[in-house]
Amino acid sequence: MSRLRRMPPRRSYDQYCSAARALDVIGDRWTLLIVRELLAGPRRYTDLHADLPGVSTDVLASRLKDMERDGLTTRRRLPPPGAAYVYELTPRGRELLPVLQAVGAWGQAELGERRPTDAVRAHWFALPLLRGLEGQGVVEVRLDEGEFHLYVGAEDGPLYGDGPAPGEPDARLVLDVGTCTAVARGEAALADAVRDGRVTVTGDGAIAKALRE
């Protein structure tokens, strides 16, 4: 008989309020940032830890157990030859996308200048860029910090991924971190940055054509 995994008890504000109930589930430190990472699709524990600088192994393990208990994530074993465990969002967890987008939009005013202690990953710009893209298709983004790709208009599956797009993307964007930061801060719209020549757009897809218009 397989052993059942023990789940820690949930802490609660004990308030009959939907906001309080939501914060019972997602209010702990790191939870929403784990969701941000899992919007890229299934990820191994080691990958999550590498892209969440500052989180301890104990805290990350605890948050993942909490999220599984609360129905935000599932954990499964990959078939051979991988044979590693991965974590992925449930449909309930994926429903947090507009919450993350709203938090990110609200936080634009808090971004300010990058501090010497601030870590950065190229794919952290994925959600701000998605806010400025319409339609449906795959967009490859190239920054000095690295490459990632976006699945614009995706209703299920990953929203972004590290590295070049698999296959031929609908559009390719080349820009520097300064321009991407301006978009993330809300100082510049992506379409305006394209018109100003700060973003180079190539590709024959509808998204590329719309950005060039």
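Me: Which residues of α9 are buried?
Reply: In α9, the buried residues are V177, T179, C180, T181, A182, V183, A184 and R185. Buried stands for under 20% relative accessible area, exposed for over 50%, and partly exposed for what falls in between, with a 1.4 Å probe and protein chains only. Helices (H or I, at least four residues) and strands (E, at least two) are DSSP runs, numbered from the N terminus.

Me: And what am I looking at, before I go on?
Reply: This is a predicted model, where local features need pLDDT of at least 70 and side-chain atom pairs count only at pLDDT 80 or more, while totals for chains, interfaces and linings use all residues. Residues are numbered from 1 along each chain as its sequence is written, and side-chain values use heavy atoms, with hydrogens and water left out.

Me: OK, why is α9 said to be largely enclosed?
Reply: Eight of its nine residues are buried, so α9 is largely enclosed by the rest of the structure.

Me: Which elements do those buried residues pack against?
Reply: They pack against α7, α8, β4 and α10 (190-195). Contact here means heavy atoms within 4.5 Å.

Me: What follows α9?
Reply: G186, with a positive phi near 85°.

Me: Is W30 buried or exposed?
Reply: W30 is buried, at 14% relative accessible area. D14, on the other hand, has 67% relative accessibility and counts as exposed.

Me: Switching topic: where is the cis peptide bond?
Reply: The cis bond joins P80 and P81, with omega about 10°. P81 belongs to the loop between β2 (73-77) and β3 (85-89).

Me: What's the strand order in the sheet with β2 and β3?
Reply: The order is β1-β3-β2, in an open sheet of three strands with antiparallel pairing. β1 (43-44) and β2 are the edge strands, each pairing on one side only. Two strands pair if DSSP finds at least two bridges between them. For β1 and β3 there are two bridges, and R43 has Y87 of β3 as its bridge partner.

Me: How many bridges join β4 to β5?
Reply: Seven, with β4 (residues 137-143) and β5 (residues 146-152) running antiparallel. A hairpin of two residues connects β4 to β5, and R142 stands opposite E147 in β5. β5 also pairs with β6 (residues 160-162), antiparallel and over three bridges. There, L150 has Y160 of β6 as its bridge partner.

Me: Which residues touch the most other members of the largest nonpolar core?
Reply: V139, V141, F148, L150 and L173, out of 50 residues in that core. A nonpolar core is a set of buried Ala, Val, Leu, Ile, Met, Phe, Trp, Tyr and Cys residues joined through side-chain atoms within 4.5 Å.

Me: What does V139 touch?
Reply: Not counting residues up to four places away in sequence, V139 touches L133, F148, H149, L150, V152, A171, L173 and I207.

Me: How about pockets: how much space lies in the largest one?
Reply: About 1400 Å³. On a 1 Å grid over the protein atoms alone, a pocket is an open set of points where a 1.4 Å probe fits, with protein on both sides within 12 Å along at least five of seven lines; lining residues have an atom within 4 Å of a point. Points are joined across faces, edges and corners, and the volume is the space filled by probe spheres set on them.

Me: Which residues lie nearest its centre?
Reply: L33, R36, L111, A119 and W124, from a lining of 35 residues. The elements giving two or more residues to that lining are α2 (31-38), α6 (97-106), α7 (108-111), α8 (126-131) and α9 (177-185).

Me: What classes are in the lining?
Reply: The lining has 17 nonpolar, eight polar and ten charged residues. Ala, Val, Leu, Ile, Met, Phe, Trp, Tyr, Cys and Pro count as nonpolar, Asp, Glu, Lys and Arg as charged, and the others, Gly among them, as polar.

Me: Last one: what is G203 in contact with?
Reply: D170, A208 and R212, leaving aside neighbours within four places in sequence. G203 lies in the loop between β8 (200-202) and α11 (206-212), and is partly exposed at 25% relative accessibility.
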